[in-house]
Amino acid sequence: MSTDTPSFAERVGVDGVALILYIQGALGALAFGLALVLYAMGPFIVLAVERPPPSEIAAIGAMTLFMCLFLLAIAVVFVGPYFLAGWALRRRKPWAHIVALIMSAISLSNCPFGVIGGVIGLKLTSTGDRR
């Protein structure tokens, strides 16, 4: 065997983990965006099917606005750390590998793309290569 062949961690490196975290964050943002659009369409469907009284229309609008803002806040909490970890890895922050390791472990629960990205991220962040 030749020792000149770089390992997987050396070939992909920190930038590869950052890219994986960006992709996982983008997929999460896409899922939350789709849920937000579908939830926001609900009142229009209700109003097209039946004519509720004006007081109910205001309640439906307020509830929809509240739920959309709630979904947006949840999306920031769940998706933001992926982008934060990717950004910190690209900037070579000293704490970035710990955040990337945690986010890779959390993403193992997201089938199938999260598992693939999580395993690769765990492999690359646990090797000790900090380039």
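**Exercise 1. Is F113 buried or exposed, and what is its relative accessible area?**

*Solution.* The model is predicted, so local features need pLDDT of at least 70 and side-chain atom pairs count only at pLDDT 80 or more, while totals for chains, interfaces and linings use all residues. Residues are numbered from 1 along each chain as its sequence is written, and side-chain values use heavy atoms, with hydrogens and water left out.

Step 1. Buried denotes under 20% relative accessible area, exposed over 50%, and partly exposed the range in between (1.4 Å probe, protein chains only).

Step 2. The relative accessible area of F113 is 57%, so F113 is exposed.

**Exercise 2. Place F113 in the fold and identify its contacts beyond four places in sequence.**

*Solution.* Step 1. Helices (H or I, at least four residues) and strands (E, at least two) are DSSP runs, numbered from the N terminus. The chain has four helices and zero strands, and F113 belongs to helix α4.

Step 2. Contact requires heavy atoms within 4.5 Å. Apart from neighbours within four places, F113 touches Q24 and L27.

Step 3. Between F113 and Q24 there are 89 residues of sequence separation, yet their C-alpha atoms lie 7.7 Å apart.

Step 4. For the chain, 71% of the contacts with a separation of 6 or more join residues 24 or more positions apart.

**Exercise 3. Examine the geometry of helix α2.**

*Solution.* Step 1. The expected span is 1.5 Å times one less than the number of residues. With 37 residues (54–90), α2 should span 54 Å; its end C-alpha atoms are 52 Å apart, which agrees.

Step 2. The bend at a residue is the angle between axes fitted to the seven residues ending there and the seven starting there. A kink of about 35° occurs at V79, shortly before the proline P81.

Step 3. Buried residues of α2 include V79 and Y82. Just after the helix, R92 has a positive phi of about 60°.

**Exercise 4. Describe the largest pocket and its lining.**

*Solution.* Step 1. On a 1 Å grid over the protein atoms alone, a pocket is an open set of points where a 1.4 Å probe fits, with protein on both sides within 12 Å along at least five of seven lines; lining residues have an atom within 4 Å of a point.

Step 2. The largest pocket has a volume of about 310 Å³, taken as the space filled by probe spheres set on the points.

Step 3. Its lining comprises 18 residues, with Q24, L27, G28, Y82 and N110 nearest the centre. Elements giving two or more residues are α1 (8–49), α2, α3 (96–106) and α4 (113–125).
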